[in-house]
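Okay, thanks everyone, I'll keep this short.

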Amino acid sequence: MMFILGPTTEQNFHEIPKVPLHLHKKYTPKLLLLCSPFLRFVTMPPTLSFTLTHYLALLLLVLLVVVEAHLPATGIAGEFPTFREAPAFRNGRECRNRVHGDSVFHIAMTLDATYLRGSIAGVFSVLQHTSCPENVVFHFIATTHRRAELRHIITTTFPYLAFHLYHFDANLVRGKISYSIRRALDQPLNYARMYLADLLPANVRRIIYFDSDLIVVDDVAKLWKIDLHARVLGAPEYCHANFTNYFTHRFWSNPSYAASFKGRDACYFNTGVMVIDLWKWREGRYTEKLESWMRIQKRNRIYELGSLPPFLLVFAGDVERVEHRWNQHGLGGDNLEGLCRDLHPGPVSLLHWSGKGKPWLRIDSKKPCPLDSLWAPYDLFRHSLSLFSDS
């Protein structure tokens, strides 16, 4: 765009694009507030400042449209997204009262602005499909100091939900994290699952850990009641996966590192769905064991994939096997491109969009994958009105 400085005539004034006054009522209040310093000049005589004002107003309008189109789920200026209130879910007649500790199911999830929309959908899916929703207690973990806002979001979206909100000190892991192949995997909150035994009250013996990019389509009580036997952790295992790919050549070429898997029938498992005995975890000091491998990684670069490899190093080969139906993972594609994927063969109790592609981002970008339509019914995100909406 080129501006020509010179005398302004009545002729070139009429050639200037104008912002019609009748459209002002269709702008959102935020747009009116931002544009008012410019639009107030519409009554001025035809001058150069009037010309520049129109162009500036149009430029600002375009910028706001772009922001609305590309950041629909996170808002502007770091605002948390807003959500519709979920229906109230009540216990069936067969459910015992929550005062009986053995009838309560504990679930841990993380909360942050980037994945909050996914977390809310995950909670909604659990409540909708469990037979005893009032017996589910959620334990939410956040690093932000805006916990009061998060608490307000949870209580207004799920007014009947039993939950606790904990602060995770990012300094616990900040010096131990090394960069990985995807930035999201490097966030301190991604490592909070290692510290559940420290964060949660001592009277919580067992916890189900869920990632924030999944939905449950079965009664979570079935997962809760699996027998861990003498093991600390239960999860679906995938022994067909090439285990060597999760560690670097430097790891496998070091005899002492490679020997850590000696005598273990080690298989890959995804840490986005785990059932954990917190009492056994504390007794075995497993957080310290995970941290030890993180320090080695910081020095020698023995893996590339965030918080997963330490779990494999400590637990692989000693995991209580859970049916694959409880983690149909990989629906977000790989960690680089996030391409569409199909379901694995077999029954499904949980759909997990692990990988780069997240269903809410693909839906908002008008480029959803076929399976994203299974996530959409659990999306409680309150969409803002378009800048040019008539409503």
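**Salt bridges, outside and in**

Let me start with Arg285, which counts as exposed at 51% relative accessibility. For the cut-offs, buried is under 20% relative accessible area, exposed is over 50%, and partly exposed sits in between, using a 1.4 Å probe on protein chains only.

Before I go on, this is a predicted model, so to speak of local features we need pLDDT of at least 70, and side-chain atom pairs count only at pLDDT 80 or more, while totals for chains, interfaces and linings use all residues. Residues are numbered from 1 along each chain as its sequence is written, and side-chain values use heavy atoms, with hydrogens and water left out.

Back to Arg285: what does its side chain meet? The partner is Glu288, in a salt bridge with 2.7 Å from N to O. By salt bridge I mean a side-chain nitrogen of Lys or Arg within 4 Å of a carboxyl oxygen of Asp or Glu. Glu288 itself is partly exposed, at 42%. In total the structure holds 17 salt bridges.

Arg362 and Asp372 pair up at 2.9 Å, N to O. That one links distant parts of the chain, with Arg362 in helix 14 (residues 359–364) and Asp372 in helix 15 (residues 372–375), ten residues apart. Helices here are DSSP runs of H or I with at least four residues, strands are runs of E with at least two, and both are numbered from the N terminus. Buried or exposed, this pair? Arg362 is buried at 8%, and Asp372 is buried at 0%.

Then there's Arg193 with Asp211, where the closest N and O atoms are 3.3 Å apart. This pair also joins distant parts of the chain: Arg193 is in the loop between helix 6 (171–174) and helix 7 (196–199), and Asp211 is in the loop between strand 4 (206–210) and strand 5 (214–216), 18 residues apart. Arg193 is buried at 5%, and Asp211 is buried at 14%. There is also a network of salt bridges, which links Arg117, Asp364 and Asp379.

**Helix 4 and the cores**

Arg117 brings us to helix 4, where it is among the buried residues, along with Leu116, Phe124 and Leu127. Twelve of the 14 residues of helix 4 are buried, so the helix is largely enclosed by the rest of the structure.

On to the nonpolar cores, meaning sets of buried Ala, Val, Leu, Ile, Met, Phe, Trp, Tyr and Cys residues joined through side-chain atoms within 4.5 Å. In soluble globular proteins, nonpolar side chains tend to be buried together. The largest core here has 51 residues, and the ones touching the most other members are Ile107, Phe138, Phe140, Phe158, Leu161 and Phe210. Helix 4 (residues 116–129) gives the largest share of this core, seven residues. A second, separate core has 50 residues, including Ala108, Leu233, Val314 and Val319.

Take Ile107 on its own. Leaving out residues up to four places away in sequence, it touches Val126, Val137, His139 and Val220, among others. A contact is heavy atoms within 4.5 Å.

Which residues are worth a look for phi? Arg301 has a positive phi of about 55° although it is not a glycine. It is found in the loop between helix 12 (286–300) and helix 13 (308–315), and at 18% it counts as buried. Lys366 also has a positive phi, near 65°, without being glycine. Lys366 lies in the loop between helix 14 and helix 15, but this one is exposed, at 72%.

**Whole chain**

Stepping back, the protein has 15 helices and eleven strands. Of its 391 residues, 50% count as buried. And of the contacts with a separation of 6 or more, 75% are between residues 24 or more positions apart. That's me done, over to you.
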